[in-house]
Amino acid sequence: MPIQHFAPPPHVKAPPLSFATRVGDLLFVSGIPGFDGNGALPDGFEAQFANVAINIKRVLAEAGATVRDLVKVNVLLTRASDVAAMNALYAGAFGPPPYPARTTCVVHALPDPRMLIEIEAVASLSK
């Protein structure tokens with residue numbers, strides 16, 4: 001079964017990875033941090049979350065999917081104090097119910113110390 005790779009947008013400085021890969025009917029979305037379209041990382045959690053949601057939706061759209069096709073989401077936060085805000089923002093960005101299965105972890109750090117959130121996901125493309 002061939003693997004289809006979705007590269008980062010040309011203007012985004014990214015580590016050596018694909019933003020997503022498709023194998024059969026599954027799309028694996030790499031961890032997406034809160035960088036905006038110009039590669040800048042805003043200071044606030046809400047702004048970073050908004051950028052993550054925009055970028056995940058863009059990657060899904062490139063593969064012909066939407067948030068309704070998500071089956072599993074992993075959320076990485078660097079501050080436990082952001083969990084309640086993340087839940088509220090997540091409900092709006094990934095809703096309405098039913099939501100995908102999800103794991104939320106508070107981690108010591110992400111690759112850039114200014115990163116407050118990163119989300120990775122798996123979507124089903126079988127329709």
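These are my notebook entries on what I looked up in this structure, which is a predicted model.

**Entry 1: the sheet**

I began with the strands. I found an open sheet of six of them, in the order β1-β2-β3-β6-β4-β5, and the pairing is mixed. I then checked the edges. β1 (3-6) and β5 (101-106) stand there with a single partner strand each, so one side of each has no neighbour in the sheet. I also noted the twist, which averages 10° from one strand to the next.

A reminder to myself: strands of a sheet pair through backbone hydrogen bonds, and they can do this parallel or antiparallel.

Next I went to β6. How much of strand β6 is buried? I counted six of its eight residues (117-124) as buried, so the strand is largely enclosed by the rest of the structure.

On one flank I looked at β3 (residues 26-33), which runs antiparallel to β6 and is joined to it by six bridges. To find my place in this pair I used L27, which stands opposite A123 in β6.

Then I took β4 (residues 70-77). It pairs with β6 over seven bridges, again in the antiparallel sense.

From β4 I stepped on to β5. These two run parallel, with six bridges between them. In this pair L76 stands opposite C105 of β5.

**Entry 2: the nonpolar core**

The largest nonpolar core has 30 residues, and L27, F49, L60, F94, I117 and I119 touch the most other members. I traced where the core comes from: β3, α1, β4, α2 (83-94) and β6 each supply at least two residues. Helix α1 gives the most, seven residues.

Apart from neighbours within four places in sequence, L60 is in contact with L27, V29, A65, T66, V67, L70 and A123.

**Entry 3: the aromatic rings**

I searched the whole structure for aromatic pairs and got four. One of them is F45 with F49, a tilted pair with 6.5 Å between centres and 40° between planes. Why are F45 and F49 separated by about one helical turn? Because they are four residues apart in helix α1. I checked their accessibility too: F45 is buried at 3%, and F49 is buried at 4%.

F49 also pairs with F94: the ring centres are 6.5 Å apart and the planes are at 85°, so I logged this pair as edge-to-face. F49 lies in helix α1 and F94 in helix α2, so the pair ties together parts 45 residues apart in sequence. F94 is buried as well, at 2% relative accessibility. Stepping back, I saw that F45, F49, Y90, F94 and Y99 form one aromatic cluster.

**Entry 4: two single residues**

I stayed in helix α1 (residues 45-62) for N51. Is N51 buried or exposed? It counts as buried, at 13% relative accessibility. A polar atom of the N51 side chain lies 2.9 Å from the backbone oxygen of G34. Not counting residues up to four places away in sequence, N51 touches G34, F35, D36 and P42.

My last stop was P98, in the loop between α2 and β5. P98 is exposed, with a relative accessible area of 64%. I compared P98 with R68: they are 30 residues apart in sequence, and their C-alpha atoms are 8.7 Å apart in space.

Key
Residues numbered from 1 in each chain as written. Predicted model: local features only at pLDDT ≥ 70, side-chain atom pairs only at ≥ 80, totals over all residues. Heavy atoms only, no water. Buried < 20%, exposed > 50% of the residue type's maximum accessible area, 1.4 Å probe, protein only. Pairing = 2+ DSSP bridges. Axes fitted to C-alpha atoms, helices over the stretch in contact; angles between N-to-C directions. Polar contact = N/O pair within 3.5 Å; in protein donor to acceptor, adjacent residues only side chain to side chain. Contact = heavy atoms within 4.5 Å. Core = buried A, V, L, I, M, F, W, Y, C linked by side-chain atoms within 4.5 Å. Phe/Tyr/Trp six-rings, centres within 6.5 Å; stacked < 30°, edge-to-face > 60°.
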